[in-house]
Amino acid sequence: MTIQQIGRPAGLEPQDSLSLPRENGTYALLLRLPADRDIRVGQLGPSRFTAGHYLYVGSALGSGGLAARLRRHLTAVKPSFWHIDYLRQAGMVTAVYYQTGAARRECVWATAVAQLPGATIPLPRFGASDCRCAAHLVQLTAQLANAALITTLSLTASAGNDA
Ligand SMILES: [Zn+2]
């Protein structure tokens, strides 16, 4: 399956997750932070996040698949487990990219987007406690956020066949 996307510049709502498959898969959240914020990200501690666009990559391999996980991400839940919960509370999700499949592709995606020109890692180890990636969160220029993402992720889909 190719990479699909849903998006809304004003921010996706929890009910938008109803259109997503209940199968397992890999996903990327595009978040917009409207203003600079100091956020304490769990055990990573306090960090300054500047206003702008961020991409977080994860995989949903549990019960309810992509639809259940994305419903959680589209609801500003009280942070309890994932690093992304802390950033999610401060911003909005403007797009979701996803690909169904049992393979855990999040590290391939995270590595690919981190290598985009203009992508930076705001907080090392964010979302990457259990792997060797620098982080599963990158900050993107507005231009990247609007244009290059789907192309980059699609390239990893054809090149990184890890199924
Ligand atoms: Zn990783």
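**Helix packing, sheet and core in a predicted model**

User: Starting with H2, what do its buried residues pack against?

Analyst: In this predicted model, the buried residues of H2 pack against E2, strand E3 (37–40), strand E4 (46–49), E5 and H1.

User: Which residues of H2 are buried?

Analyst: His-83, Ile-84, Leu-87 and Arg-88 are the buried residues in H2. Viewed down the axis of H2, these buried residues fall within an arc of 125°, so they line one face of the helix.

User: And H1, which residues are buried there?

Analyst: Leu-66, Arg-69, Leu-70, His-73 and Leu-74 are buried in H1. Their arc around the axis is only 135°, which puts them on the same side of H1.

User: What do those residues of H1 pack against?

Analyst: The buried residues of H1 pack against E2, E5, H2 and E6.

User: Let us step back. How many helices and strands does the protein have?

Analyst: The protein contains 5 helices and 7 strands. From the N terminus on, the elements follow the order β-β-β-β-β-α-α-β-α-β-α-α. The radius of gyration is 14 Å, close to the 15 Å that the globule rule gives for 163 residues, so the protein is as compact as a globular protein of that length.

User: What box do the C-alpha atoms fill?

Analyst: Taken along the principal axes, the box is roughly 40 × 35 × 30 Å. As for burial, 37% of the 163 residues count as buried.

User: What share of the contacts joins residues at least 24 apart?

Analyst: Among contacts between residues at least 6 apart in sequence, the share is 74%.

User: On to the sheet. In what order do the strands lie?

Analyst: The order is E1-E6-E2-E5-E7, with 5 strands forming an open sheet and pairing antiparallel. Strand E1 (4–7) and E7 stand at the edges with a single partner strand each, so one side of each is left without a neighbour in the sheet. On average, neighbouring strands of this sheet are turned by 20° against each other, direction ignored.

User: How many bridges join E1 to E6?

Analyst: E1 and E6 run antiparallel and are joined by 4 bridges. Within that pairing, Ile-6 stands opposite Val-96 in E6.

User: How many bridges are there between E2 and E6?

Analyst: E2 and E6 pair over 8 bridges, in the antiparallel sense. Leu-30 has Ala-95 as its bridge partner in E6.

User: How many residues of E6 are buried?

Analyst: E6 is mostly covered, with 7 of its 9 residues buried.

User: Which way do the residues of E7 point?

Analyst: Leu-137 and Gln-139 point one way from E7, while Val-138 and Leu-140 point the other way. All of these residues are buried.

User: Back to Tyr-56. What is it in contact with, beyond its neighbours within four places in sequence?

Analyst: Tyr-56 is in contact with Ala-28, Leu-29, Leu-31, Ile-84, Gly-127, His-136 and Leu-137.

User: Which residues of the largest nonpolar core touch the most other members?

Analyst: Tyr-27, Ala-28, Leu-29, Leu-55, Tyr-56 and Val-96 do, in a core of 39 residues. The elements that give two or more residues to this core are strand E2 (25–33), strand E5 (52–60), helix H1 (65–74), helix H2 (83–90), strand E6 (92–100), helix H3 (106–114) and strand E7 (137–140).

User: A change of topic: where is Pro-124 found?

Analyst: Pro-124 lies in the loop between H3 and E7.

User: Does Pro-124 count as buried or exposed?

Analyst: Pro-124 counts as exposed, because it has 12 C-beta neighbours inside 10 Å, and a residue is exposed at 12 or fewer.

User: What does Pro-124 touch, not counting residues up to four places away in sequence?

Analyst: Pro-124 touches Ala-134 and Ala-135.

User: And how many residues apart in sequence are Pro-124 and Leu-44?

Analyst: Pro-124 and Leu-44 are 80 residues apart in sequence, and their C-alpha atoms are 8.6 Å apart in space.

Methods. Residues numbered from 1 in each chain as written. Predicted model: local features only at pLDDT ≥ 70, side-chain atom pairs only at ≥ 80, totals over all residues. Core = buried A, V, L, I, M, F, W, Y, C linked by C-beta atoms within 7 Å. Buried ≥ 20, exposed ≤ 12 C-beta atoms within 10 Å, placed from the backbone. Contact = placed C-beta atoms within 7 Å. Rg over C-alpha atoms; globule rule 2.2 N^0.38 Å. Arc of directions from axis to C-beta. Pairing = 2+ DSSP bridges. Axes fitted to C-alpha atoms, helices over the stretch in contact; angles between N-to-C directions.
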